Amino acid sequence: MISGIITELKSNTPLPGANVYLSDSNGVKLVPVIGAASDINGFYNLDLNSNSTAEYITASYIGYKTVIKELANMPGNSNEIINFFLEESNSILPTFEVVAQKKKKIKTPLLIGASLLALILGIIIYKNVKK
């Protein structure tokens, strides 16, 4: 079993919802995926099976740099505490502009013609009724 706390490097504030998972040396998740999310206090707990061959564990959180740590050679039934201190990332996301427009209602010639026809018929009917 591996457990620990994931916190922000400078303030030591817990990072709830941070991801922690077994990985390769590049931070790529192993298959089958063994991972967890930290709780409101930044605590996580990973249950390992006895035949796990994972050599690394990775912690990540949006807006922070990913941290990869090497696992010590540990038998499947031992417990290890690995804490992570994540540093805020200075990556700047590209900006984008959202624009919305309202469609203008356009009268089609068919609608104009139908309206004009109804008006003419109304006048003719009115004159015939009046006679």
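User: Which residue in β5 is the bridge partner of N19?

Analyst: That's S60. Keep in mind that this is a predicted model. N19 also has a bridge partner in β3, namely A37.

User: How do you know that β2 and β5 count as paired?

Analyst: Pairing takes at least two bridges between the strands. β2 and β5 (residues 56–60) are joined by 5 bridges, so they qualify, and they run antiparallel.

User: And what makes β2 and β3 a pair?

Analyst: Same test: at least two bridges are needed. β2 and β3 (residues 35–37) have 3 bridges, so that's a pair, in the antiparallel sense.

User: What about β5 and β6, how many bridges join them?

Analyst: There are 4 bridges, with the strands running antiparallel. With at least two required, they therefore pair.

User: What strand order does the open sheet have?

Analyst: The order is β3-β2-β5-β6, an open sheet of 4 strands with antiparallel pairing. β3 and β6 (67–70) are called edge strands because each pairs on one side only. From one strand to the next, the twist averages 20°.

User: Why is β2 called largely enclosed?

Analyst: A residue is buried if its relative accessible area is under 20%. In β2 (residues 19–23), 4 of the 5 residues are buried, so the strand is largely enclosed by the rest of the structure.

Definitions and conventions: Residues numbered from 1 in each chain as written. Predicted model: local features only at pLDDT ≥ 70, side-chain atom pairs only at ≥ 80, totals over all residues. Heavy atoms only, no water. Buried < 20%, exposed > 50% of the residue type's maximum accessible area, 1.4 Å probe, protein only. Axes fitted to C-alpha atoms, helices over the stretch in contact; angles between N-to-C directions.
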